[in-house]
Amino acid sequence: MLNTERLLEILAFSDQATAIYTGENVIIEWANDAMIAFWGKDRGVIGQPMEQAVPELRGQPFIGMLRDVWLSGKTCSGTEAAAQLRVNGVLRTFYYDFEYRAMLDDNGSTICILHTADDVTERVMNRKIIEEAGRRESDLRMQVTEINKELEQTNNELRNANHFLALSNTELADINREMVDTQLVLNRSLIEQAKSEARIRFMLADAPMAISIFAGRDMVVETANKAVLAAWGKTGKVVGLPLREAVPELVGQPFLDILDQVFTTGKPYYGNEVRAELIQDGVRTEVYSNFVYQPFRDETGEVSHIMLIANIITDEVLARKQLERAEEDLRMATNAAELGTWYLETGNFHLVASPRFRSIIGLDEHTSPAYEDLIQLVHDDYRDIVSSQIDAAVHMQAALDTEFPVSAGEGTRNRWVRLVGKLDALNDTRYRRLSGIIHDVTERKLDELRKNDFIGMVSHELKTPLTSIKAYVQVLQNKMRGNDDPLLTSILEKADIQIRKMTAMINGFLNMSRLESGKIHLHVTRFDLSQLVSDVIDETRVVLSGHAIDFRCDDELPVNADREKIGSVISNLLSNAAKYSGNETTIEVRCHLTEHEAEVSVRDQGIGIRKHDLEKLFDRYYRVENKASDTISGFGIGLYLSAEIIRRHNGAIHVESEPGQGSRFAFSIPLNVKE
Ligand code: ADP
């Protein structure tokens with residue numbers, strides 16, 4: 001039998017790691033090299049408690065298990081048990097199949113524990129790797145399955161999405177169609193809008209107002225119509241330029257600053273009758289306008305544009321200024337000529353008189369006379385005639401030019417005034433005015449009166465000797481009757497003609513001076529006008545020598561009138577007809593009855609009268625100036641007197657004539673004239 005020593009030696013050579021422990025503290029009694037190599041220790045561990053020899057086993061189950069085996073005597077084993085051991089200084093996990101065998105004595109007490117162990121780390125590791133790979137594979141498989149599931153789901157979703165897309169596609173196609181339709185409508189309305197914009201532009205372009213739109217603070221001319229370009233004297237090329245470059249002459253004038261202010265404040269600016277200097281056709285020109293600078297705001301509320309709308313009123317303003325100048329000139333002229341001005345509103349006969357007018361008629365300059373006051377101031381003898389002349393001017397548009405004395409009452413000087421007026425040509429009769437001037441003609445009138453007195457006196461004085469001469473000639477003619485000295489007879493005849501002419505002339509002067517001094521009065525008698533005409537023809541036949549008289553009259557033409565004065569009118573017309581027509585021509589004399597009047601006319605075949613002379617023919621001292629009448633004697637008082645006499649008879653006198661065609665003078669008087 002082998003002793004223990006020997007056995008142990010044998011065991012020491014065994015590949016299987018073996019160790020023997022005793023006691024409750026697991027004292028290492030013995031261990032072969034293989035076991036010591038497992039522990040990573042050296043032989044020094046023999047004799048040491050396990051806990052001390054392999055300290056890293058603390059906290060692991062092995063020492064506890066050994067103690068249990070020692071105490072219980074029951075063998076314990078394990079396979080692939082993991083133990084943490086420090087080998088070569090590195091703590092690692094090793095796997096062992098092991099057995100703790102309790103060696104019992106006969107009493108069943110434990111003598112020692114035999115520990116055998118195989119290192120199965122490699123095997124475990126390999127298996128673990130295989131297991132790991134298997135696990136990985138099954139994981140992968142699971143993942144693949146998962147992924148497959150997901151893919152399927154995604155597929156489903158994709159299918160759904162596809163379906164949805166297909167639906168959306170048709171919807172999109174519908175929407176597209178609608179959009180095309182909308183686009184068409186939009187295009188149409190765009191075209192309409194463009195058209196209406198074009199219309200507005202067209203209207204603006206041709207508008208009589210000057211219109212322009214400026215953009216931004218630089219006032220870039222965005223649009224400018226014809227009227228504004230004409231006012232600026234520029235062409236469409238200025239569009240797109242800032243205003244200060246488009247119309248450079250505006251620099252230094254207030255407009256650019258005003259525009260800037262409008263841009264800043266956003267408040268519109270109104271200009272009234274504003275003067276601008278602009279260069280039109282190369283000439284610096286004054287342009288007047290009423291205008292507005294109207295600001296416009298964009299979506300953000302900021303001023304972005306300013307619109308200019310202007311009414312160019314240059315012509316009106318210049319015309320008004322010219323009128324004001326003309327009025328000023330007229331005022332100066334009327335003042336210088338000491339003329340008073342007045343007008344009468346024809347609707348209500350309201351008189352408006354200048355201060356000078358009032359002082360001329362002898363009133364306080366501050367008193368405004370009513371029309372009735374003015375008429376009351378007129379001298380009694382002239383009152384009716386003046387008011388009827390004014391009536392005629394108001395109602396028949398007759399020219400008013402009359403002279404009369406006025407008296408402002410006791411203690412004031414009598415004055416002579418000349419009142420001239422004309423009805424203005426307004427169509428609306430309610431607002432018509434008879435307007436004119438008044439002139440103090442007292443001095444001239446007094447001169448005339450003095451002159452008339454003188455002429456009257458001289459004529460009167462001349463008449464007496466002339467009457468004597470006439471009587472002497474008549475005596476001589478009577479004495480010569482039966483005497484056949486032809487020379488003496490003809491001399492006496494010629495003397496008689498000259499005396500008649502002179503008598504007529506002196507009578508004319510006398511009558512005129514009487515007329516002017518208001519001393520002419522009508523002596524109305526009843527007589528036959530036909531007879532009177534015939535008598536006058538006979539009386540004047542001597543002066544009418546050489547002319548044939550063609551006289552036709554109603555048999556009887558009884559009238560109530562001043563026989564002598566009507567006779568002098570007929571005589572005057574006859575001698576004029578003879579004076580202003582060639583010898584041998586015929587003078588036609590007619591008289592006849594019209595409804596309420598008797599008319600006498602004298603027609604000659606003489607030199608005739610130009611139109612512009614016709615109107616003045618009946619004025620005092622008016623003589624037509626031409627070669628033919630230069631050689632014919634006269635003073636221009638015959639027709640004046642005739643017209644006055646007919647006027648006093650409430651009749652009318654007129655003339656028709658053409659130069660070279662002869663003239664026809666005619667007068668008519670009422671059948672019954674009152675004195
Ligand atoms: P006068 O003494 O100069 O003839 P009147 O008053 O009789 O003055 O006439 C005024 C003017 O009218 C005349 O100077 C004459 O030129 C013109 N006149 C008058 N009668 C005639 C006539 N029958 N034909 C042409 N001219 C006339």
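I started with the buried residues of H12: they are Arg383, Val386, Ile390, Ala392, Ala393 and Val394. Buried means under 20% relative accessible area, exposed over 50%, and partly exposed in between (1.4 Å probe, protein chains only). This is a predicted model, where local features need pLDDT of at least 70 and side-chain atom pairs count only at pLDDT 80 or more, while totals for chains, interfaces and linings use all residues. Residues are numbered from 1 along each chain as its sequence is written, and side-chain values use heavy atoms, with hydrogens and water left out.

Next I checked what covers those H12 residues: the cover includes strands S11 (340-345), S13 (400-406), S14 (415-423) and S15 (433-440), plus helix H11 (371-377). Contact here is heavy atoms within 4.5 Å. Helices (H or I, at least four residues) and strands (E, at least two) are DSSP runs, numbered from the N terminus. H12 itself covers residues 380-396. Glutamine 397 follows H12 with a positive phi, near 60 degrees.

Then I looked up asparagine 560, which sits in strand S18 (residues 558-562). Is asparagine 560 buried or exposed? I noted it as buried, because its relative accessible area is 18%. Its side chain makes a polar contact with the side chain of asparagine 672 at 2.2 Å. For that term, I need a pair of N or O atoms within 3.5 Å; within protein, one must be able to donate a hydrogen and the other to accept it, and residues adjacent in sequence count only if both atoms are side-chain atoms. Leaving out residues up to four places away in sequence, asparagine 560 touches Val524, Thr525, Arg526, Leu671, Asn672 and Val673.

The criterion is a side-chain nitrogen of Lys or Arg within 4 Å of a carboxyl oxygen of Asp or Glu. I picked out lysine 445 with glutamate 403, whose closest N and O atoms are 2.8 Å apart. That pair links distant parts of the chain, helix H13 and strand S13, 42 residues apart. Lysine 445 counts as buried because its relative accessible area is 12%.

I also found aspartate 550 and arginine 590 meeting in a salt bridge (3.2 Å, N to O). Aspartate 550 is in strand S17 (residues 548-553) and arginine 590 in strand S19 (residues 586-593), so the pair ties together parts 40 residues apart in sequence. Aspartate 550 is partly exposed, at 22% relative accessible area.

Conventions:
Expected span 1.5 Å × (residues − 1).
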